[in-house]
Amino acid sequence: MAKPLAAPTGVPAHPRSAASAPRKSAAGKALAAGRTAARRGAVGTAVRKPRQAEDKRSVILSAALGLFSRYGLHGTSVDQVAARADVSKSNLLYYFANKEELYVSVLRELLHVWLEPLRGFSAEQDPREAIAGYIRRKLVISRDQPDASRLFCLEMIQGAPLLRDELDRELRTLVARKSDVIAEWVRSGRLRPVVPHHLVFGLWALTQHYADFAVQVQAIAGRTLQDPAFFEETVENVQRLVLDGICVPAAEAVGVPSAP
C-alpha cells in the first residue's frame, strides 16, 4: 500500500488553522483596544462628572441670583429658578435641599466676590494707589455684577435674617483687619485722620450706588457703567472725591510745607 504523501515542508497540515490564526489575533487586538478605550472612558467620565456637577451648580446659582435680586426670597420659587437654569426641579433639589439653602449659597458666593477687593489692602502699600485700585475694582463689580450688589443691599434692608452669622464672622473680621491697615496709614502720616470703618462705609456707598441705583443714575446722567466712557468718568471722579479728601499730599507727608 502506498504511503500518504507528507505535506511539503513549510506548509501547514491544516490550512484552516493557519487562516484562522490571523483572525483570532485581530479579534484579540480589537478586544484589547476596546478594553483600553473603556478604561480611558471611565477615567474621562470620572474627571468630567465633578466638573459637570460644578458647572450645573454654577448655572443654578446664577439663575437664582437674577431672580432673588429682583423678587427677593419670598417672591421667588424653586420652579422659577429651575426653569431659568433649564434644569428639572428634582435636579435642582439634588444640589440644594430647599429654597433657603439655595438663597444662602447665593449670598455666600456674592459676599466672597464683594469682599475680595478689600482683602488686598496692606500697610506696605501706598494708600493712594491702594484706595484708587480698590475703587476701580468695586466699580467693575458694580458694572459687571449689579444683581449681586442689589441682592446684598436687599438682604441688608431686610435685616440680614439669613446672613447674620456670615456678617458677624467673615465681614466683621475682615473689616477689623483692614481697619488696622487704614489706622497704620493714618499713624504714618500718609492719610488724614479718619475713623477707618467710616472710610470703608463711604467707599461702599460711593461704588455700590451705581449698581443699586442704576435706574436713578441712568435717569439723571443718561448713561450707566456699561458705557465705557461713563465708566472711566465715574472711576476718575469717585477716586478724586475720596483721595483728595483723605490722602496727605506727598510734600506734607515728608514734612515739606506745601505751596500756598
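Guide: Happy to. Keep in mind that this is a predicted model. Let's start in the middle: the largest nonpolar core has 58 residues, and Leu102, Val106 and Ile131 are those with the most contacts inside it.

Visitor: What makes a set of residues a nonpolar core?

Guide: The members have to be buried residues of the nonpolar kinds, joined through side-chain atoms within 4.5 Å. As a general point, nonpolar side chains in soluble globular proteins tend to be buried together.

Visitor: Which elements give two or more residues to this core?

Guide: Those are α1 (15-71), α2, α4 (99-119), α5 (127-144), α6, α7, α8 and α10. The largest share comes from α4, with 9 residues.

Visitor: What is isoleucine 131 in contact with, leaving aside its neighbours within four places in sequence?

Guide: Isoleucine 131 contacts Phe121, Trp185, Leu191, Leu199, Leu203, Val242, Leu243 and Ile246.

Visitor: Now valine 235. Is it buried or exposed, and how do you know?

Guide: Its relative accessible area is 1%. Buried means under 20%, so valine 235 is buried. You'll find valine 235 in helix α10. Leaving aside neighbours within four places in sequence, valine 235 is in contact with Ile135, Arg136 and Leu139.

Visitor: Why are α8 and α9 called roughly perpendicular?

Guide: Helix α8 (residues 196-212) and helix α9 (residues 214-221) pack at about 85°, with axes 5 Å apart. Angles of 65 to 115 degrees count as roughly perpendicular, and therefore α8 and α9 get that name. On the α8 side the contact is made by His209, Tyr210, Ala211 and Asp212, and on the α9 side by Ala214, Gln216 and Val217. By class, that contact has 4 nonpolar, 2 polar and 1 charged residues.

Visitor: What makes the phi of aspartate 86 worth a look?

Guide: Phi of aspartate 86 is near 60°, a positive value in a residue other than glycine. Most residues other than glycine have a negative phi. Aspartate 86 sits in the loop between α2 (78-85) and α3 (89-95). With a relative accessible area of 71%, and exposed meaning over 50%, aspartate 86 is therefore exposed.

Visitor: What about alanine 160: what is its phi, and is it buried or exposed?

Guide: Alanine 160 has a positive phi too, near 50°. Its place is in the loop between α6 (146-157) and α7 (164-187). The relative accessible area of alanine 160 is 3%, under the 20% cut-off, so alanine 160 is buried.

Visitor: How many disulfides are there, and by what rule?

Guide: The rule asks for a pair of cysteine sulfur atoms within 2.5 Å, and the count comes to 0 disulfides.

Technical notes: Residues are numbered from 1 along each chain as its sequence is written. This is a predicted model: local features need pLDDT of at least 70, side-chain atom pairs count only at pLDDT 80 or more; totals for chains, interfaces and linings use all residues. Side-chain values use heavy atoms; hydrogens and water are left out. Axes are lines fitted to C-alpha atoms, for helices over the stretch in contact, and angles run from 0 to 180 degrees between N-to-C directions. Helices (H or I, at least four residues) and strands (E, at least two) are DSSP runs, numbered from the N terminus. Angles under 35 degrees count as roughly parallel, over 145 as roughly antiparallel, 65 to 115 as roughly perpendicular and the rest as oblique. Contact means heavy atoms within 4.5 Å. Ala, Val, Leu, Ile, Met, Phe, Trp, Tyr, Cys and Pro count as nonpolar, Asp, Glu, Lys and Arg as charged, and the others, Gly among them, as polar. Buried means under 20% relative accessible area, exposed over 50%, partly exposed in between (1.4 Å probe, protein chains only).
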